[in-house]
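Hi everyone, thanks for coming. Let's take a first look at this one together, so please bring it up on your screens.

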Amino acid sequence: MNSRYFFISCLLPLAAFSFAFLALPLVRLLFASIDSELGFGIYLEILTNARYMNSLLYTVLLSIAVTIAALFISTTAGLFLVRNHFPGHRVLIAVLTFPLAFPGVVIGFLIILLGGRQGLTNMLAQNLFDTRVIFAYSMTGLFLGYLYFSIPRVLLTVMAAAEKLDLSLEEAARSLGASPTKVLRDVILPALTPALIASGAIAFATAMGAFGTAFTLATNIDVLPMIIYTEFTLSANIAMSCALSVVLGLVTWILLIFSRSLTGNNVAAAG
Amino acid sequence: MSGTQIQLKSCSKTFPDGTRALSPTSINVSPGEILALLGPSGCGKTTMLRIIAGLESPDETGKVFFDDSDVTSIPIEKRSVGMVFQSYALFPNMSVRENIGYGLKIKKISTEKIRDRVDEVMALCQLEGLGERNIKALSGGQRQRVALARAVAPQPKILLLDEPLSALDAGLRDQLRDELAILLRSLSITTVFVTHDQAEAMAIADRVAVMQKGHVLQIDDPRKLYTAPDNAFVARFVGAANELSGRLNNNLFSLQGGSLQLPEGISAVSDDKIYVRQEAIKLIPPSESELKGKVLSSTFLGNSQKIVLSDVCERLVNVITDPFSKYEIGQEVGLLIQVEDILVLRDD
Ligand SMILES: Nc1ncnc2c1ncn2[C@@H]1O[C@H](COP(=O)(O)OP(=O)(O)O)[C@@H](O)[C@H]1O
Ligand SMILES: [Mg+2]
């Protein structure tokens, strides 16, 4: 009995925190979202508004694309970095995880410096081929920016998991005739799957809600956080921005639960 | 015997950090033979096994042959070796059946043939009915058999086992040792297995290679190793041997507890030590022997008893004798040792 109380009391700080910072504001948000003449109808309004729905779709697709690209790049790089030690190894890892230190706004600037009107690629293209190459202010720019700050998070998780891989499993597969690609498919990736899904979920959630980068690149990018911002500040449509926030949160949450259930199945299959 | 011959030609192994795990070693394993690599932890057994497997390459001069073909530079996946790892290394994301069938699946064998072969191997390894089980839901003994079944399913040329029983607890180990011995013999694949347990080596192997600090000291069949060890290390490691220290003078070996007459020409005893197996010492009345000792303890072992003697030489002497003779603590006894049971050995 004592230990049960102990465990319950261990949960108290989390419960208090959740209540103060999650439950209360969320309830507040929900009430604020129906605090207009539309009432709950505001959600119907969102569902039938092409601009909102397109924006939601873009945001989800962009986040999925960023997540997949980050997983791919980080898995290959992470495995390589864990398996190969060379001079400058530590420095390279430090450089790769550097973007963690930047806020979204700074990453937006970096993308403009690279692909903006005065950006590096545009200048090169103009000088060399006499064409204009500007991608900073589009989905491409946003994709690159999000990818840039997603990679370190995924990379660190993948590397931690890759360090713990059981080498004798790979040797066993090889002894049974498996080529390196088959070892990757049958042994390494299944073992990394929980880490990939966990870090992928974080990358996805971050991309769904990222604002700073989108705000810096601005102009014609319609990701949902930007729409929420404009509804709030420009149109002063507080109910709508609250409703959109609820939708954004809900969609992200549902997709995360879906991915978690994938891990669940995987872990169950792995025992 | 059918099967593949293994030949190591002056294979040594120096790891990048400078550790010399194996000194130049040449051994032959005949087709169908079961060879045990026996030695204390860290003596290079696993390294040698991994060189045969192709998981480790020998230093430059070394060569590995399977029959007549030089496989030194062939990677493990092309060597057709079955391997059982110390930790078993079963794939956690696959069922028992998928584990056992993995090597066959890699070979792109048809699903029906895989099913038949897996059934056959599961029957052989007493794994019937466990096919759909998860690896985590198996006992230690079952895991060991799945690891073996997975290794033999693709019909490898050579079977390599690294301490296959060391992960099991003692009681189970004795039982599985005998089962493994029978199973390996029925497979008649050329087999090399690593162990630090001399009883395991003797029970399973046709020949045993005793290793110490990266050297193979002696390769012989278990009986020969026991009765004619090449040196003191082998004598002590393979079946315990008593070390008697004394002084040799004109074939008369004098010890604390008396003397022993040694045969002519045995004068080359190094360090004035001789070795005698525990069961080669007979206990007789003290008046009938030139060599005497005092009973320190007696332990009844069921089919025998172990007597520990003091005052024979500096060390205590262990004697295995019949279980029913009674010995009192402190009692004086005489020692009878046949000349042919005295092992005169190079020191290690
Ligand atoms: N990869 C390695 N790098 C450096 N030293 C190693 C490596 N593998 C084994 N060794 C060393 O080589 C020696 C023999 O190891 P091993 O063959 O595993 O011994 P055993 O299997 O007989 O216990 C040990 O001293 C061990 O520490
Ligand atoms: Mg070992």
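Let's start at ligand 1: one of its oxygen atoms has a backbone N or O atom of B:Gly44 3.0 Å away. Either side, B:Lys45 brings a backbone N or O atom to 2.9 Å from a ligand oxygen, and for B:Cys43 a polar backbone atom sits 3.2 Å from an oxygen of ligand 1. On its own, ligand 1 exposes 560 Å², and the protein buries 61% of that (Shrake-Rupley areas, 1.4 Å probe).

A quick word on the basis. This is a predicted model, where local features need pLDDT of at least 70, side-chain atom pairs need 80 or more, and totals for chains, interfaces and linings use all residues. Residues count from 1 along each chain's sequence as written, chains are lettered from A and ligands numbered from 1 in written order, and side-chain values use heavy atoms, without hydrogens or water.

Who else surrounds the ligand? Among them are B:Phe15, B:Asp17 and B:Thr19, with a heavy atom within 4 Å counting as near. The shell divides into 3 nonpolar, 6 polar and 2 charged residues, with Gly counted as polar. Helix H1 of chain B, residues 45-53, gives the largest share, 3 residues; helices are DSSP runs (H or I) of at least four residues.

Now over to the largest pocket. Its lining has 21 residues, with A:Thr67, A:Ile68, A:Leu71, A:Leu196 and A:Gly200 nearest the centre. By class, that lining is 15 nonpolar, 6 polar and no charged residues. A pocket here is an open set of points on a 1 Å grid where a 1.4 Å probe fits, with protein on both sides within 12 Å along at least five of seven lines, and lining residues have an atom within 4 Å of a point.

Key: A polar contact is a pair of N or O atoms within 3.5 Å; within protein, one must be able to donate a hydrogen and the other to accept it, and residues adjacent in sequence count only if both atoms are side-chain atoms. Helices (H or I, at least four residues) and strands (E, at least two) are DSSP runs, numbered from the N terminus.
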